Structure formats: C-alpha cells, structure tokens
Amino acid sequence: MAEHDATSDEAEKLAQSPEDLEAAGRKLDAQKAGARVGLTSDEIIINGGRPLKGRIEVRGAKNLATKAMVAALLGKSPSVLRNVPNISDVRVVAGLLALHGVLITRGDDPGEWRLDPSNVEVAHQADIDAHAGSSRIPILFCGPLLHRLGEAFIPDLGGCRIGDRPIDFHLDALRKFGAVIEKLPSGISLTAPHGLKGANIELPYPSVGATEQVLLTSVLAEGQTELRNAAIEPEIIDLICILQKMGAIISVEPNRVIFIEGVPELRGYDHRAIFDRNEAASWAAAALATKGDVFVGGVKQEEMMTFLNVFRKVGGDFDVHDDGIRFWHPGGDLKPVTIETDVHPGFMTDWQQPLVVALTQAQGVSTIHETVYENRFGFTDALNKMGADITVYKDGLSDPRRRVKRREFEQAAVITGPVPLRGADIEVPDLRGGFSHLIAALTAEGQSKVTNLGIISRGYENFIEKLRLLGADFVFES
Ligand code: EPU
C-alpha cells in the first residue's frame, strides 16, 4: 500500500459531498496552474467523459510471474525470468524469496530478474510473518521449500477479499504427497518426514492455485503423479513450459488430466513470462466504456479468444496485429450480453468487473453469472452510486440458457443500460473491482475521487503513467 504523505488530512476533506467535489474541482484547476492539490499517493482525481486513446504496453502476467519466481526455488542453478511486471505482488514474492536465501538481481532491462537459489535457507518465522496477509502466493512455497529444506512455514494469506478463498485443495494434495501439516495461530507449518512421493489427485474443482501447488510439488517428488480435474489456464501452461525447461517431465492430456514423472533434480530456467490477459481485457473494456481507441501492445489473440468474442458481441471492435491488439468503440449502441464466468477456456472471473462498466452503457439488460467466487460483485455498489442500474442477486439466478454448471454459492448481476454515469467519491475494494472503478470514473461525466489506489498497484503496472499516455484527464501526486 502506498504511504500517505503529510497532506493526507487535507486530502481526506476533499470530495466527501457534491460541494466538496466542487471544491476538489477548484483545487484541480489550481493544480493545473502549478499548485499541488494535496492528494496522497493513494488517491486520484479523475475528470471523466474523455475517450481513452493511444497505445500502451502490457507486460508479463501477475498470475504467472509470481509463480515462476517460486519455481526458481526448485532449480540447482539460477533462473532468469523476463517480462516481469513492476507490481507489488511481485515485490511481495521477491521479499519472501530473499528471506529464504534466494539472491535476486535485476538485469539491464528492468523486467529481467535473475533468481539464484544456490543458498536457500530456513527463514525466521517472525520475518515470514511480516508478509502475512499480503498475498496468496506464499501457499505455493510449500512444495518447493519441503523439497529444498524439508520444512516450510507459510504465513496467513492475503489477496483480494472476494470470497472465503479456502486452501483445502492445496492441503489435501500436499498430504497425499506425504506432507505433515500443522496449523498454527499465525500460519501453517509443514514437514515431510518420509520425503514427498508422487500421488493420484483429483481436484474437486479445477482450481488454478491447487493445480500449481501439485505441479510445483510433483516435479521433484519420487514417482508419478496423476492430476485430474486440473486447471488449464494459459498461465498454467506457461508454468509447465518453465518446469519443462528446468528438466521436469509433464504431459498435459485431454480432459484436464496432467501426468508428472518426478525427476531427482531440476536446473534453472530462462523464460519470458506470458502477457497479462487480465490487464489486457481491462484496458480493452476501458476503451469501450469511454468510447475510445486503445492499442494494447504485447497481447496475443489466442489467449484472449473468449474475451474477444464477448467484446465483439457487446459491440466493440478490434484488430489483431503481430505486436498487440487494437480495441475501439466503433460508434452506435453497445449491446447487452449474458455471461457466465468460468475456468479456462471460459470467460474469466477477472474480466467481468471492467466489462460491467461498459455494459452500463449498453442498450438493454445484461446478466453476469459469477460462478468462480462467491463474493465478486461488491464493486457494483460504487457504480450504482455513480448512477448505474445494477441489481446483484446474492444467491444467483436460474437461467435455462446456462451452459456452465451451477455452483452452490454463485451470484448474478443484472445491469440495465444505458445510463449516464456521474462522478463520485469511491474507494477501491479489490484489484479488479478497483480497476473497474477507474474505468467508471473515466466514463462518468464530472469529477471523481478514487481512493485506496494501492490495491490496484498489486496487479496493474504503471497504470497512472498508462492513463497519462491514453490522454486521461486526472490529478495524481506521487
Ligand atoms: N478453492 C477452494 N479450495 C481451494 C482452492 C480454491 O474451494 O483450496 C475455490 C476458490 O474459493 C474459488 C475457486 O476454487 O471459488 C477458484 O479458485 P482458484 O484456486 O482457481 O483461484 P486462485 O488460484 O486463488 C487465481 C488467480 C485469481 C483468479 C483465479 C481464477 C492468482 C494469484 N490468482 O486465484 O486472480 O481469479 O485464479 O482464475 O493467480 C486476480 O488476479 O485478481 C485474481 C483474483
């Protein structure tokens, strides 16, 4: 989280009511004239209603780079990861790796990280504890640390509050490999008194994290592992490519089955991280909602196909180029859609929040069935405050046209449009919801103050600079 500067008291007084917003507007004018407005680095004032136009680059995926960094622990020699985004989740993982003796150096290209695990060592529990609540990635240290050190301590996990986010699949799988797990007040402690052995595992749901857990544990486990009902997201396939470069033997079979033949040792890898599909979809949705035209560099069609279909159905247009995809609003009315979020190759749960903002501008009623997490519509409260017409059904909605198997805890959001959004004072609740708030503020008429921006830095690299490149009208003081 960004630290507040000395002027935060003043900033807190800003934009609490329409009158305050007006005051914020006057301050904005003052700032344009050269004076500082007194915002903290966790806040931004956005003057909406201006289309985003221009080109930005998307780098490596948060949801691959962080896991690839953990994989480096498994190698006997150093690894080089390229295209690493400058986001706080990466820094959290780097901090944890450093605590365990991994030497991290940066190349001339700031996105190039060298991770040397030659001197991996047990870290002090108190130091690890300092990372409690900061990310969900530490759970993936279990297998690699058990292999390297015979023991692991994992602090309480963080990540977005979008549901219970249990770790039962992870722990059940680790036990099958032979890990002994003790739950402590501040985290979990693991040992493997008889080493880790290959296992037959069927996940109750194709969980991304649990699939990664099995991959990172099985590659050095003795014997074979068969994983059924595995997640097959592109980031998982990229992680498998990394592990194969390290010497692992992994085959991805039809029907979500993955076979892993354990090997006695692995070496380091040299790899360029796959691009961030979630960031790409977020900027595409921002282009659509603001009636803009944004070229998102570094993006590939294949991993975006499901998103691109929906983008087109809603009325957006795109052109695929060798070095990225151009997304734009071609004019005319946007059309409503019905979407069910799902595991890959379905429509990602992380894509719905930015798209919902564009759907507030569509002519008619859209429905989103959220089937992956049980609480991922909290961000819509702020959109309604800005004038949107969104009703959330906390127990979901029956719909005979559904294709995704209904889950017990799912919810649905019904979005009626088009409605003009108006500027408001809003607070970022979680990563993807937060980015959708930025899009809403950019789309709205008038001025918005968006606070708690630090959460967005967890997963969106240099987003303030990118807003600037796209011609957004805002005030931000770092
Ligand atoms: N689940 C369990 N038990 C478990 C693990 C998962 O019940 O032990 C449930 C979850 O509660 C959820 C579902 O399974 O209902 C899917 O969770 P999954 O394990 O697939 O998610 P994750 O690994 O925790 C990753 C991404 C998320 C992304 C999901 C789905 C990372 C760090 N996070 O989470 O990304 O939404 O996969 O694709 O890779 C984000 O980037 O904003 C984000 C939340």
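**Salt bridges and the nonpolar core**

In the predicted model, the side chains of E279 and K466 form a salt bridge with an N to O distance of 2.7 Å. E279 belongs to helix α10 and K466 to helix α16 (residues 463–469), so this pair ties together parts of the chain that are 187 residues apart in sequence. Both E279 and K466 are buried.

Helix α10 also contains R277, which pairs with E235 of helix α9 (residues 234–245), so that parts 42 residues apart in sequence are tied together. The E235–R277 salt bridge has an N to O distance of 2.8 Å. R277 is buried, at a relative accessible area of 0%, and E235 is likewise counted as buried, at 7%.

A further salt bridge joins the side chains of K449 and E43 (3.8 Å, N to O). R55, E57 and D323 are linked in a salt-bridge network. The count of salt bridges comes to 19.

The largest nonpolar core comprises 146 residues, of which I44, L190, L243, W283 and F327 touch the most other members. Helix α10 (residues 277–289) makes the greatest contribution to this core, with nine residues. Domain 1 (37–58 + 275–476) and domain 2 (62–272) both supply residues to the core, which therefore lies between them. Leaving aside residues up to four places away in sequence, W283 touches L52, I56, V58, V296, F435, F463, K466, L467 and L470. K466, one of these contacts, is the salt-bridge partner of E279.

Note on methods:
Residues are numbered from 1 along each chain as its sequence is written. This is a predicted model: local features need pLDDT of at least 70, side-chain atom pairs count only at pLDDT 80 or more; totals for chains, interfaces and linings use all residues. Side-chain values use heavy atoms; hydrogens and water are left out. A nonpolar core is a set of buried Ala, Val, Leu, Ile, Met, Phe, Trp, Tyr and Cys residues joined through side-chain atoms within 4.5 Å. Buried means under 20% relative accessible area, exposed over 50%, partly exposed in between (1.4 Å probe, protein chains only). Helices (H or I, at least four residues) and strands (E, at least two) are DSSP runs, numbered from the N terminus. Domain bounds come from an automatic or database domain assignment. Contact means heavy atoms within 4.5 Å. A salt bridge is a side-chain nitrogen of Lys or Arg within 4 Å of a carboxyl oxygen of Asp or Glu.
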